[in-house]
Amino acid sequence: MVRRPAAWAVAIVLFAEAIGIAALNWFMGVVVDRQDMSLAGLDPDVMSTSSKAGGIVFGLYFAMCGVVALLVALRDRAPAGFGRVLLISAAVVHGLLGAFAWGLLGVPQFVFMVVVLALIVLLLMTYDARQRPVARTPEGGKGGDGGSPAPLPPTPPEPVTPPVAPTTP
């Protein structure tokens with residue numbers, strides 16, 4: 001049973017994006033490699049190699065984010081530790097890419113980046129709001145038969161400012 005389809009959607013989108021980014025950068029590397037001119041004196045072989053390496057690095061980054069989202073979907077638990085940091089960084093990257101897409105590419109690419117950003121944020125937020133199971137009380141209102149005692153009232157919050165330090169004359 002799929003309870004949170006956002007995790008599955010994020011995993012699918014991030015895997016597709018990993019393949020797309022890697023393929024696009026590889027294609028750009030091949031195009032630069034086949035040309036016979038340089039950009040500001042840079043060697044075309046260096047630009048080609050760096051484009052291909054960047055494609056591989058970003059493809060692996062988005063694939064790792066997809067693996068984290070897939071694990072979240074399979075386990076039905078919130079991401080923790082490194083996986084959570086990875087998903088938060090992917091959300092930041094998509095926000096920045098969306099801003100660049102608005103200015104450089106156009107509205108459809110901006111909308112795509114914002115949708116992926118929204119899916120990642122939805123994944124992170126839906127698992128944060130998970131509720132713990134609450135113990136039920138019998139219909140009489142009292143816990144009997146050696147059950148757990150009634151919960152204690154909440155403690156008042158600590159003061160916001162520290163107490164005044166004693167002064168010496």
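I count two residues as in contact when heavy atoms of each lie within 4.5 Å. The model I am working from is predicted.

**Overall make-up**

I looked up the secondary structure and found four helices and zero strands. Read from the N terminus, the order of elements is α-α-α-α. I then checked burial: of the 169 residues in the protein, 25% are buried.

**The α2/α3 pair**

I describe two packed helices by the angle between their axes and the distance between the axes. Helix α2 covers residues 44-75 and helix α3 covers residues 82-104. I have their axes coming within 9 Å and crossing at roughly 125°. For the hand of the α2 and α3 crossing, I wrote down left-handed.

**Residues at the contact**

Which residues of α2 meet α3? From α2 I listed Tyr61, Phe62, Met64, Cys65 and Val68. On the α3 side I listed Phe82, Gly83, Leu86, Leu87, Ser89, Ala90, Val93 and His94. Sorting the residues of this contact by type, I got ten nonpolar, three polar and no charged. Gly counts as polar in this sorting, and Gly83 is on the α3 list.

Technical notes. Residues are numbered from 1 along each chain as its sequence is written. This is a predicted model: local features need pLDDT of at least 70, side-chain atom pairs count only at pLDDT 80 or more; totals for chains, interfaces and linings use all residues. Side-chain values use heavy atoms; hydrogens and water are left out. Axes are lines fitted to C-alpha atoms, for helices over the stretch in contact, and angles run from 0 to 180 degrees between N-to-C directions. Helices (H or I, at least four residues) and strands (E, at least two) are DSSP runs, numbered from the N terminus. A crossing is left-handed if the near helix is turned anticlockwise from the far one by less than a right angle, and right-handed if clockwise. Buried means under 20% relative accessible area, exposed over 50%, partly exposed in between (1.4 Å probe, protein chains only).
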